[in-house]
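Have a look at the structure first, then read on.

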Amino acid sequence: MGEATLWMISGLHESTERVFFCCTITLMKHRLDIALDRTADMPLTEQIYTGIASAIETGVLLPGGRLPSWLDLASQLGVSRGTVKSAYERLADQQLVVSSPHAGTRVADHPIKRSPDTRLENGETAPTAFRDFPSNIIGAFQNGVPASDCFPAALFARLRSRAARLETTSPLLYPDPHGAEELRRAISANLAISRGLECHPSQVFVTHGYSGALAFALHVLPINGREAWTENPGYFPARRALEIAGLQPVPISVDHDGIDVTCGERLAPNAGLALVTPGQQAPLGSTLSLARRCQLLEWARNRQAWIIEDDYLGELQLRRRAAPALASVDTAGRVIHIGSFSKTISPTLRLGFLISPPALVERFAEAAACFSPAPDPAVQLATAEFMRDGHYLRHLRKMKRVYASRSSALQHSLESKGYVVHPACLAIVLKLPDGLYDREIASRARQEGLSPVPLSIWYAGQATQRDNHGLLLGVATANEERIARDSHRLDRLIRGTG
């Protein structure tokens, strides 16, 4: 990584001095133009901040590039050190740069601002909802990712390194398409303890995350062309996946008891599938009540329909003991249970699992062998050891405490500013004042280094009702040291003063 070097361009033009510095990163030179106008109403600090921020957001300065020290830049610009220091502090507040005593000030990983044209390379337009749901950029209030500052990275790195060495010295054979037996046994044991779900390791299929498990199930189940219940609001990528698989999603309303089964029986009684999040409804956080569970299972049994249980958070329940898995009370073999390590360990593992009913094990096994083999064996073996040695349960206990603390702190901070909020899973739902639209607020927030998700995109169709507009604020990435500051920044955006 090259160092940033500063070049002074001679020649001052009356009250305006123009300074350039070149940031050399991976052998590529990018020239940044900072124009300081001492007669302008805009303070010099703001001018410096705006010049650097614009270069970062448009990709002129790339992530990891080192900026000059504020002492050097102040000298070159002919301004006070405090002026440049204030600009750098604001860049840090906006999470555009990160500073450390040893590495200096460097450009942070930050979204590059694109033009409004969202066309893909083949001319198609990306679905709007996916543009509102950033998944590869970490900012305050980001949803769907665990807290990276609490992950036992060194421990897991050692486990992965050991597993990789073992893999290279093993016989050169094709791995088991079910997944590594060690991991399947560990998953089976953990489900029995934490989710009340007793299953044989032969029923466990290791997959490429949740999406891999869902695609696997949709390939195996004999439901092509049929209607499928989906929660409304619900996880829209899964809803889109059903459409791609040739099913007809039927949005079914959700209340404090979970999916409204009576509504589903009225709208689509002959549906072949129900895709539900009974443990903690995504995104509102309600748990499917016992009465609704019995009603849903009875419907599936009577109609010979299937239920896919998306247990995306598993036992990661912050305020009470997690309810048993829906599959644990399924006596007719109609529930396919899907879990993932994305929220409990890391999404970078791309590791999930599917629990097949006994009657479908052979069909799933055949499908796995033909077109859906399990992920990298080394990752599986490292995860199996992480679970088998007790690290997994200890990590989850720690994360429950951390997330509960962050959730309470964020809720208190927002309520103190007069907002109506309620906790939901690993997020806080913030209701917006009348007349404000969540997608607009979320878009503006992303430009400020915040990553809330608009609630309206979770609803099927056009979310026009007032109650459907709000913000989902992830608590995992709500660092306690910054909660007050980030809440203040979000408040300024919502009130139009940011």
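1. A quick bit of bookkeeping: two strands count as paired if DSSP finds at least two bridges between them. Keep in mind that this is a predicted model. With that, β12 and β13 run antiparallel and are joined by four bridges, with G339 sitting opposite F353 in β13.

2. F353 also has V206 standing opposite, this time from the pairing of β6 with β13, which is antiparallel over four bridges.

3. Zooming out, the open sheet has eight strands in the order β6-β13-β12-β11-β10-β7-β8-β9, with mixed pairing. β6 (204-207) and β9 (258-259) are the edges; each has a single partner strand, so one side of each is left without a neighbour in the sheet.

4. For the parallel part, look at β10 (residues 273-276) and β11 (residues 306-310), which pair over four bridges. Here L273 is opposite W306 in β11. Helix α10 (residues 290-303) packs on the sheet, touching β7, β8, β9, β10, β11 and β12, and its direction makes about 155° with that of β10.

5. Then there's helix α11 (residues 361-371), lying across β6, β12 and β13 and running at about 30° to β6.

6. On cysteines: the disulfide count is zero. Is C150 buried or exposed? C150 counts as buried because its relative accessibility is 10%, under the 20% cut-off. C370, at 61%, is exposed.

How values were computed: Residues are numbered from 1 along each chain as its sequence is written. This is a predicted model: local features need pLDDT of at least 70, side-chain atom pairs count only at pLDDT 80 or more; totals for chains, interfaces and linings use all residues. Side-chain values use heavy atoms; hydrogens and water are left out. A disulfide is a pair of cysteine sulfur atoms within 2.5 Å. Buried means under 20% relative accessible area, exposed over 50%, partly exposed in between (1.4 Å probe, protein chains only). Helices (H or I, at least four residues) and strands (E, at least two) are DSSP runs, numbered from the N terminus. Contact means heavy atoms within 4.5 Å. Axes are lines fitted to C-alpha atoms, for helices over the stretch in contact, and angles run from 0 to 180 degrees between N-to-C directions.
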